[in-house]
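User: I'm new to protein structures and I'd like to learn how to read one. Could you walk me through it, feature by feature?

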Amino acid sequence: MALVAGIDTSTQSCKVTIRDADSGELLRRGWARHPQGTEVDPERWWDALQEALRQAGGLDDVAAVSIAGQQHGMVCLDERGEVIRPALLWNDIRSAPDAERLVAAAGPTPELGREHWAQATGTVPVASLTVSKLHWLAANEPANARKVAAVCLPHDWLQWRLAGYGPGKADFGSLVTDRSDASGTGYFSAVRDAYLPEVVRDILGHDVVLPRVLGPLEAAGRLPSGQLLGPGAGDNAAAALGVGAQLGDVVVSLGTSGTIFAVSPEPGHDPSGVVAGFADAAGHFLPLVCTLNAARVFDATATVLGVSLEGLDALASAARPGAGGLTMVPYFEGERTPNLPHAKGGLHGMTLDNFTPGNVARAGFEGVIASLALGLDALEAQGAKARRVILVGGGSQAATARAVAADIFGLPVLVPAPDEYVARGAALQAAGVLKGEFPSWRQEGHLVPQTLGDGVALSAFRHWSAGYLG
């Protein structure tokens, strides 16, 4: 029995799963926390990986390994392979003005600037993208910018270290990535499968090494102990592999961030910047809408009401759809989609009758999912054909979240059995590299009955959220 390892280096933690390469059966697992914050020393990711591997029983009996991870982060290396400064993560919004400057510099009007970026890379710069963070570095830390010899992403850096490279052994030719993660940088074209190195050169003032982009089943080499190393993937692309998403499926993830993405045969191209034209990890495209506010809104609402997450779910389930006219706009930490990095959340439509714990709880669920439903509108405007929603992430385990999703999306909602789907997707990729083709692993889950969807909550959200754009 061949074993494979799938690693998820996410914003909050590192997860390792060891699985049977033929069936996908989970045999062992490990977990370790990452530091909080929006900038992190990458060495802390390495420390967390070592602890998670220890808990999972190590890699001695494993044949292939793959790493998926949080996207967009900026890891800058000097000529010796040393990390120059703490990595800026996707949720660091200090580069919001830099994104605006990049758009403004690309054309005589904002509209033409956005069109330029959408055509060139499929994605209009926002604060989260690596290209915006590089612009911030050049403008605010020019001495560090001059030291940059290579730029990579969190999963690129971690697998480079796992392959035996790093300070003192800086073989940048062994620095690799895959097209799904590269497509989130802002300087890679998923349509042409090629970098735009001139974008990085213009920002930093000199050429740098960018990781070599591998195909879906192309090996990245071997670990010093002999295991095959897969190309890895961005977390959303790995999750799509992990849940078995096919053409026509829309994946909605209620995690640290909220994401909604469609597996599509065609690339995205949205000058408004709402839809990011990413690639997936299997050779297709993954047009995606991302919000900054998802499951943590549930956490915050539960804290305010003085209940557990289970208690929040129970309160919300007892309230009627529409929360009695109460609407939460969940822009607690600014927002990425719509691009409102400095926005605040709001609770609207309060009356003496509807301001109850149950309605507040339900408004939290409805607000988060309605914000993602606006993302589905944008995906469909880009040509996505949605036939089914696959609901994943920690927030999907709440019965209210599942019911609200079926009501608001108006589509069949599949909720896979609980699993670490990013790590599962990475493991499936590792098995594919080992075997030469992606295996067919059985997918457990249940279908939430499709509802008629009276549209009350979504209509109210459209009304109140429109005011944030005015």
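Analyst: Happy to. Keep in mind that this is a predicted model. Let's start with a helix: among the elements covering the buried residues of helix 8 are helix 2 (96-105), helix 3 (110-121), helix 4 (130-140) and helix 5 (142-147).

User: Which residues of helix 8 are buried?

Analyst: Helix 8 runs over residues 197-204, and its buried residues include Val199, Val200, Ile203 and Leu204. Those four span an arc of only 110 degrees around the axis, so they sit on the same side of helix 8.

User: Okay, now strands. How do I read those?

Analyst: Here's the general idea: side chains in a regular strand alternate between the two faces of the sheet. Now try strand 2, residues 13-20. Ser13, Lys15, Thr17 and Arg19 point one way, while Cys14, Val16, Ile18 and Asp20 point the other way.

User: What does strand 2 pair with?

Analyst: In general, strands of a sheet pair through backbone hydrogen bonds, either parallel or antiparallel. Strand 2 pairs with strand 1 (residues 3-9) in the antiparallel sense, over 7 bridges. Look for Asp8, which stands opposite Lys15 of strand 2. A hairpin of 3 residues links strand 1 to strand 2. Strand 2 also pairs with strand 3 (residues 26-33), again antiparallel and over 7 bridges. There, Thr17 has Arg29 of strand 3 as its bridge partner. The hairpin between strand 2 and strand 3 has 5 residues between the strands, and in it Gly24 takes a positive phi near 80 degrees.

User: Which residues touch the most other members of the largest nonpolar core?

Analyst: They are Val252, Ile260, Phe365, Ile408, Phe409 and Val413, in a core of 51 residues. Helix 12 (residues 357-381) gives this core its largest share, 12 residues. Another core lies apart from it, with 40 residues, including Trp46, Cys152, Leu162 and Ala163. Back to Ile260: leaving out residues up to four places away in sequence, its contacts include Val250, Val252, Pro287, Leu372 and Phe409.

User: Last one: how many disulfides does the structure hold?

Analyst: To count as a disulfide, two cysteine sulfur atoms have to be within 2.5 Å. The structure holds 0. Take Cys76: the nearest cysteine sulfur belongs to Cys152 and is 8.1 Å away. Cys76 is buried, with a relative accessible area of 2%. Cys290 is buried too, at 5%.

Terms used. Residues are numbered from 1 along each chain as its sequence is written. This is a predicted model: local features need pLDDT of at least 70, side-chain atom pairs count only at pLDDT 80 or more; totals for chains, interfaces and linings use all residues. Side-chain values use heavy atoms; hydrogens and water are left out. A nonpolar core is a set of buried Ala, Val, Leu, Ile, Met, Phe, Trp, Tyr and Cys residues joined through side-chain atoms within 4.5 Å. Buried means under 20% relative accessible area, exposed over 50%, partly exposed in between (1.4 Å probe, protein chains only). Helices (H or I, at least four residues) and strands (E, at least two) are DSSP runs, numbered from the N terminus. Contact means heavy atoms within 4.5 Å. The arc is that of the directions from the helix axis to the C-beta atoms. Two strands pair if DSSP finds at least two bridges between them.
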